[in-house]
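Good morning, and thank you for coming.

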Number of protein chains: 2
Amino acid sequence: MSRFLTVGAAQMGPIQRSHSRRDVVERLIAHLREAKRMGCELVVFPELTLTTFFPRWWMTDQAEIDSFFEQEMPSNETAPLFTEAKRLSMGFCLGYAELANENGRVRRFNTSILVERGGQIVCKYRKVHLPGHAEHEPERPFQHLEKRYFEVGNLGFPVFKAFGGNMGMCICNDRRWPETYRVMGLQNVEMVLLGYNTPLHNAPSPDHDEHSWFHNQLSMQAGAYQNGTWVVGVAKGGNEEGVPSLADSMIVAPSGKVVARAGGEADELVVHRCDLDAGQSYKRTTFNFAVHRQPDQYRLIVERKGALDP
Amino acid sequence: MSRFLTVGAAQMGPIQRSHSRRDVVERLIAHLREAKRMGCELVVFPELTLTTFFPRWWMTDQAEIDSFFEQEMPSNETAPLFTEAKRLSMGFCLGYAELANENGRVRRFNTSILVERGGQIVCKYRKVHLPGHAEHEPERPFQHLEKRYFEVGNLGFPVFKAFGGNMGMCICNDRRWPETYRVMGLQNVEMVLLGYNTPLHNAPSPDHDEHSWFHNQLSMQAGAYQNGTWVVGVAKGGNEEGVPSLADSMIVAPSGKVVARAGGEADELVVHRCDLDAGQSYKRTTFNFAVHRQPDQYRLIVERKGALDP
């Protein structure tokens with residue numbers, strides 16, 4: 001049996017601070033139209049798609065910080081994206097900074113949403129693995145203040161039936177953590193939609209810089225194979241406000257093989273016709289969890305947060 | 001700081017049923033001597049090193065089955081390995097089928113031991129992820145009856161201070177499961193010693209056969225990177241009793257990069273001088289578990305065994 005879903009990984013080139021949301025939405029709509037022409041039913045945009053990657057700056061003025069957040073979705077500025085997607089009958093996954101009001105409390109998350117072909121938001125995810133730091137570290141060439149500007153996501157790793165399959169989402173640094181994929185794998189995820197912004201330079205461990213592309217690919221390939229799922233990894237690329245970032249968007253099959261990838265660092269659409277049943281042979285044999293997993297032996301994974309010497 | 005440990009991955013060519021333990025131990029001793037000459041302090045042998053990979057056969061005569069198991073370690077037949085290792089002042093890791101008597105009950109495990117340079121066994125591991133099946137499946141070209149002949153290991157994934165570092169062990173199919181590495185990573189493992197026997201043909205999913213080498217490498221690379229640990233993967237290779245197996249022994253650095261690997265399918269020693277501190281930059285930054293992990297979000301990993309649809 002085959003269940004095909006044609007997906008577009010819509011890589012974005014740099015989004016500078018001077019670019020308005022309107023500018024960005026125009027580029028997203030161009031992606032949608034190109035994707036439609038290429039037969040896509042679902043387009044995946046990167047993490048924090050609507051603005052420049054602002055956690056690179058130390059800011060203390062809350063109004064300035066909040067200017068990078070969305071207070072409603074869709075908003076006046078993002079509505080044209082929803083309208084065009086609906087007109088084209090295309091779904092999309094969009095990452096953005098979310099300012100939420102929950103029980104009278106303002107909360108800020110690094111969020112992605114899955115939007116069905118009719119324009120309705122059917123699933124929301126809030127980033128769990130926030131990288132970086134919370135305090136100003138002026139010795140860095142640029143900051144990575146996700147731990148300051150966002151709270152840890154409070155929606156788990158939801159998997160949702162949409163687009164004919166079991167769809168999951170995660171964001172950027174989540175992809176390096178096998179727990180991310182496994183929690184979705186245990187919900188029979190068939191396709192993980194994953195946007196990222198990854199600076200090529202990692203200040204605390206510059207010796208890792210040369211491996212950036214390798215680590216990105218390795219993490220997604222392992223997550224795909226070990227859970228028998230597609231992974232659609234979508235980057236921002238190019239030099240954004242002086243910070244070069246990874247690009248290398250790719251679509252990884254449940255075998256772990258990369259089947260499509262971006263060639264450049266600018267706006268670029270990477271398309272693949274994915275058989276959502278392709279993971280079944282992994283889920284039924286090598287990674288038949290019900291037959292082979294031994295959760296009693298995994299307790300340390302939830303009982304211990306940090307590593308301790310034996 | 002650097003803490004160097006020179007390790008030899010002692011790949012074994014086929015071990016046929018006609019080969020006695022004495023034959024095999026002679027080959028292991030040849031490995032030890034070559035390893036000594038190349039400066040090794042620790043040699044890692046494959047899974048079930050002392051006999052042919054017997055789970056490929058359906059057997060009903062318990063005496064025949066037990067002929068592949070070790071009732072003591074060292075035994076008369078394996079003592080010369082311990083003696084030679086002690087004489088050379090070399091440690092080793094050895095996989096074998098263990099027949100144990102626990103509280104008056106006979107138990108059988110797929111086991112590996114870590115032996116210090118003085119000849120003492122300092123750590124034992126019993127395989128947790130037994131692959132294959134428990135009943136006769138005559139439609140297969142060969143069986144994979146680990147679930148019949150062995151019990152699931154009952155010693156967890158221990159990490160032990162030895163050879164100047166934190167040493168862990170796992171066996172064959174364990175390496176495909178990120179939980180294996182993570183449980184050891186949470187104990188600050190710095191080097192995982194891992195023997196395997198992997199047939200190139202997987203009867204239930206023959207479409208995976210072409211990816212065998214890729215999946216082997218991917219699993220070990222991801223486990224290494226995501227926990228900042230060395231992984232020493234040691235295979236049996238070649239055609240054993242009509243069944244071709246994987247070979248491709250390799251040593252993977254904490255960066256996830258393969259730094260040494262076997263070129264052939266026969267007895268072959270792969271050596272690398274490993275800096276046990278090489279994983280520190282991963283453990284302190286990207287994979288600083290205490291700072292970045294979110295165990296509350298991982299509960300499904302221990303609360304659910306098999307996958308369920310959302």
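A residue is called buried here when its relative accessible area is under 20%, and exposed when that value is over 50%, with partly exposed in between. Please bear in mind that what you see is a predicted model.

With that term in hand, consider helix α5 of chain B, residues 178–185. How many of its eight residues are buried? The answer is eight of eight, so by the under 20% cut-off the helix is mostly covered. The buried residues are B:Pro178, B:Glu179, B:Thr180, B:Tyr181, B:Arg182, B:Val183, B:Met184 and B:Gly185.

Let me turn to how the two chains are arranged. Chain A is superposed on chain B by a rotation of 180° with 0.0 Å of shift along its axis, at an RMSD of 0.0 Å. The two copies are thus related as by a two-fold rotation axis. The same surface serves both copies, since 100% of the contact residues of chain A recur in chain B.

Next, the interface itself. Chain A contributes 66 residues to the contact, and chain B contributes 66 residues. Between them the chains bury about 6400 Å², with 60% of that on carbon and sulfur atoms. Which three residues supply more of the area that chain A buries against chain B than any other three? They are A:Trp177, A:Gln297 and A:Lys305, which supply 11% of it.

Six salt bridges cross between chain A and chain B. One of them pairs B:Asp309 with A:Lys161, whose closest N and O atoms are 2.8 Å apart. There are 40 residue pairs in polar contact between the two chains, counting pairs with both residues at pLDDT 80 or more. Several elements of chain A each supply at least two residues to the side that touches chain B, among them β6 (159–162), α5 (178–185) and α6 (212–227). The largest share, eight residues, comes from α6(A).

I shall close with the salt bridges in the structure as a whole. Over all chains there are 52. In chain A, A:Asp267 pairs with A:Arg27, the closest N and O atoms being 2.8 Å apart. Because A:Asp267 lies in the loop between β13 (258–261) and β14 (268–275) and A:Arg27 lies in helix α1 (residues 21–37), this pair ties together parts that are 240 residues apart in sequence. A:Asp267 counts as partly exposed, at 33% relative accessibility.

B:Arg21 and B:Glu70 meet in a salt bridge at 2.7 Å, N to O. B:Arg21 belongs to helix α1 of chain B and B:Glu70 to the loop between α2 (62–66) and α3 (79–88), 49 residues apart. Are these two residues buried or exposed? B:Arg21 is buried, and so is B:Glu70.

The second example is B:Arg108 with B:Asp66, again a salt bridge, at 2.7 Å, N to O. Since B:Arg108 lies in strand β4 (residues 105–115) and B:Asp66 in helix α2 of chain B, the pair ties together parts 42 residues apart in sequence. Both of these residues are buried.

Finally, salt bridges that share partners join A:Glu98, A:Glu102, A:Arg105, A:Arg107, A:Lys124, A:Arg126 and A:Glu151 into one network. Thank you for your attention.

How values were computed
Residues numbered from 1 in each chain as written. Chains lettered and ligands numbered in written order. Predicted model: local features only at pLDDT ≥ 70, side-chain atom pairs only at ≥ 80, totals over all residues. Heavy atoms only, no water. Least-squares fit on C-alpha atoms with pLDDT ≥ 70 in both. Contact = heavy atoms within 4.5 Å. Buried area = accessible area lost by both parts, 1.4 Å probe. Salt bridge = Lys/Arg side-chain N within 4 Å of Asp/Glu carboxyl O. Polar contact = N/O pair within 3.5 Å; in protein donor to acceptor, adjacent residues only side chain to side chain. Helix = DSSP H or I, 4+ residues; strand = E, 2+ residues; numbered from the N terminus. Buried < 20%, exposed > 50% of the residue type's maximum accessible area, 1.4 Å probe, protein only.
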